[in-house]
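Welcome, and please open your viewer. We will go from stop to stop, selecting a few residues at a time.

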Amino acid sequence: MSGKNELNWQVYEAITQYIYGALGDRCGVKVKGYGRNCKVKGKSTVEHQVDVLTEQLDGERQLLTAIECKYWNKKVDKDAVMKLAQIMADADITSGIIVCKSGFTPDTLTYAKHLGIKLVQLWEASENDGGFKKNIEIGTLNINAKVMVSRGKITSIDFGSCRITGEDEIMAVYYVKLHDAIGRTISFGEFLNAFSEEIKRRGELLKTTTIDYLLNRELFWRQSNSEFRAEKISITGFFTKIDMSTERSFLLTDEVWMIMNELFDKRRLTLSKSGLIWNLSTDA
């Protein structure tokens, strides 16, 4: 990761609510709210702002978890634990979690464990995070495309006074405009497309076929220094099928963005910028 700071406290809260929403989805934990407008009213009638609030139903009982986010450049002290514990007691909140980026003081660790409040460190991955690989393989994408291309292969074009057999010359003729005596034009590509469609319709694979096209008026081909009359139009070729099927495999990887360490649960996770979450060994 670059050294540029990509986060602020608001983004940090949003990421935290995303992670807990994603992790809790399978076990029925839902994010009830987050941000400045996320408030709970206590028995004291005082409203308390909570950074992230989740809920889970246990039968008819609603279990709430308050999550406090500390996007600080210093370690969190025990005052944050005391404040959260008081809010939980006043608002009948079952569980509490404090998430920070810079770690906790020793007293905070001891006091939080005593009160049953979980502590989590969440930070942007850097080169200092041991031998952790920044790119993680997330799977392989296999693409098997079964494609059979049917087309007419043109081998020669006979204008009477001129005959074309070269592949490049035949391709160039697709873009030729033929003119009649009063200046009307017709694209020679129309003849070539008609030939291709006809031999495809006949379906005689690899059989050489010649089709003559009757001309109801004189047609001329004007070139840069000359002009000649098309005495006839006779096209020769055959019908072919080409197997264009392909099999390709792509290795899918994603880039680690943030690392999350749950201190008491001893679980270590990573988050990618695309929103994928991985479990890591605590030794990583």
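Is arginine 229 buried, partly exposed or exposed? Its relative accessible area of 36% makes arginine 229 partly exposed, given that buried means under 20% relative accessible area, exposed over 50%, and partly exposed in between (1.4 Å probe, protein chains only).

Before moving on, note that this is a predicted model, in which local features need pLDDT of at least 70 and side-chain atom pairs count only at pLDDT 80 or more, while totals for chains, interfaces and linings use all residues. Residues are numbered from 1 along each chain as its sequence is written, and side-chain values use heavy atoms, with hydrogens and water left out.

**Stop 1: around arginine 229**

Helices (H or I, at least four residues) and strands (E, at least two) are DSSP runs, numbered from the N terminus. Glutamate 218 is partly exposed as well, with a relative accessible area of 44%.

**Stop 2**

The structure holds 17 salt bridges. Select lysine 153 and glutamate 167, whose closest N and O atoms are 3.7 Å apart in a salt bridge. Here too distant parts of the chain are linked: lysine 153 sits in strand E9 and glutamate 167 in helix H4, 14 residues apart. Lysine 153 counts as partly exposed at 22% relative accessibility, and glutamate 167 as exposed at 54%.

Next, pick glutamate 198 and arginine 201. In their salt bridge the closest N and O atoms are 2.7 Å apart. The two are three residues apart in helix H5, which means about one helical turn separates them. An α-helix has 3.6 residues a turn, so residues three or four places apart point the same way. Glutamate 198 is partly exposed at 21% relative accessibility, whereas arginine 201 is exposed at 60%.

To finish this stop, select Asp180, Arg184 and Arg217, which are linked in a network of salt bridges.

**Stop 2**

Now centre on phenylalanine 159. Leaving aside neighbours within four places in sequence, its contacts (heavy atoms within 4.5 Å) include Ile164, Phe188, Trp221, Phe228 and Ile233, and also Arg229 from our opening stop.

**Stop 3: threonine 240**

Move along to threonine 240 in strand E16. Threonine 240 is buried, with a relative accessible area of 12%. Not counting residues up to four places away in sequence, threonine 240 touches Val149, Ser150, Arg151, Lys153, Leu205 and Leu206.

**Stop 5**

Select residues 9-24, helix H1. At 1.5 Å a residue (times one less than the number of residues), its 16 residues should span 22 Å, and the end C-alpha atoms are 22 Å apart, which agrees. Buried residues of H1 include Tyr12, Ile15, Ile19 and Tyr20.

(Lys and Arg count as positive and Asp and Glu as negative; His and the chain ends are not counted.) Beyond four places in sequence, glutamate 13 is in contact with Tyr34, Gly35, Asp51, Val52 and Cys69.

Last, select leucine 269 in strand E18 (residues 267-272). Leucine 269 counts as buried at 2% relative accessibility. Leucine 269 and isoleucine 19 are 250 residues apart in sequence and 9.9 Å apart in space, C-alpha to C-alpha.

Methods
A salt bridge is a side-chain nitrogen of Lys or Arg within 4 Å of a carboxyl oxygen of Asp or Glu.
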